[in-house]
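Dear colleague,

Please find the structure below. My notes on its cores and salt bridges follow.

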Amino acid sequence: MSTQQPMQQLEEANAWLSDLPALRRKLSDEGYLFFRGILDKEELRRIRADMLELASEYGYLKASAPLEEGIYSGREYPASAQFETSALYRRILDLPRFNAFGRGPVLSLLMSGLLDAELLEHRRRIGRITFPGSFKNTTPPHQDFFYIKGTPDTYTCWIPAGDCPEELGGLAVMPGTNKLGMLEHLPMQGTGGHGVPHEQCEQLGRPWLSTDYRIGDILLFHGHTLHKALDNRSKDRMRVSLEYRYQRRGDQIDPGSMEFHMKGAFES
Ligand SMILES: O=C(O)CCC(=O)C(=O)O
């Protein structure tokens, strides 16, 4: 059962888009920046369609509903750990438009401006499909540095590929946690990954922030910023989202970040 509490709202940073020093200060203070509607919506719709078309080939979409609505067919799906080694996921990771978006002008200019350095975009991009009611698979609270390694000054851009109201399970961040260093991560039930237990997050005494995301929005955050997914509580809608990661070219990088996600782990 989902036990989610109401969220406080992410602060929109659009008003500072012409003031890079102010954006850098906000990112350093809060550990995240959220921009409304700055990305290419048409291209995101195309990436969404590419991903949903593949999901449809594997029987996960209701054939009688328009593809772009992403209505779940009810076909049994694997737990996250298995999904991430599935042929469908492997094919998503190869989609040309999905890969090209991470190197596109808006993300490249935004991230190189924020990092004030020559940029390195990780090859380990993630295109995620989250099934309705799959609460056991909801990404638990964690800091990306636990998984991404290399330099903690790696920034994740989380992008909904489609409108993503809270009910569909967006992403939530805990502001200022980028200043706490690494927290202890423990094995988590369900996802097969590690995370920071919810009770320990509550003890930090800070709010979780999220929003009703719309296509074109972007949430970006530091490798130490605590974040988690919200449950997809919709009746029958898939949540489709993208993750791209950036760091300064001169900083340390884990070799895994130069490869596609889960390389070596796929089913044949
Ligand atoms: O979308 C999700 O479920 C998790 C995303 C995440 O943890 C990330 O972007 O680092």
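Buried means under 20% relative accessible area, exposed over 50%, and partly exposed in between (1.4 Å probe, protein chains only). By that scale R90 is partly exposed, with a relative accessible area of 24%, and D94 is partly exposed at 42%. The side chains of these two, R90 and D94, meet in a salt bridge (3.1 Å, N to O); the term stands for a side-chain nitrogen of Lys or Arg within 4 Å of a carboxyl oxygen of Asp or Glu.

This is a predicted model, in which local features need pLDDT of at least 70 and side-chain atom pairs count only at pLDDT 80 or more, while totals for chains, interfaces and linings use all residues. Residues are numbered from 1 along each chain as its sequence is written, and side-chain values use heavy atoms, with hydrogens and water left out.

The structure holds 16 salt bridges. One of them joins K26 to E11 (3.0 Å, N to O). K26 lies in helix α1 (residues 20-30) and E11 in the loop between β1 (8-9) and α1, 15 residues apart; helices (H or I, at least four residues) and strands (E, at least two) are DSSP runs, numbered from the N terminus. K26 counts as buried at 15% relative accessibility, whereas E11 is partly exposed at 38%.

The largest nonpolar core has 45 residues. Such a core is a set of buried Ala, Val, Leu, Ile, Met, Phe, Trp, Tyr and Cys residues joined through side-chain atoms within 4.5 Å. Helix α2 (residues 41-57) gives the most to this core, with 6 residues.

Regards
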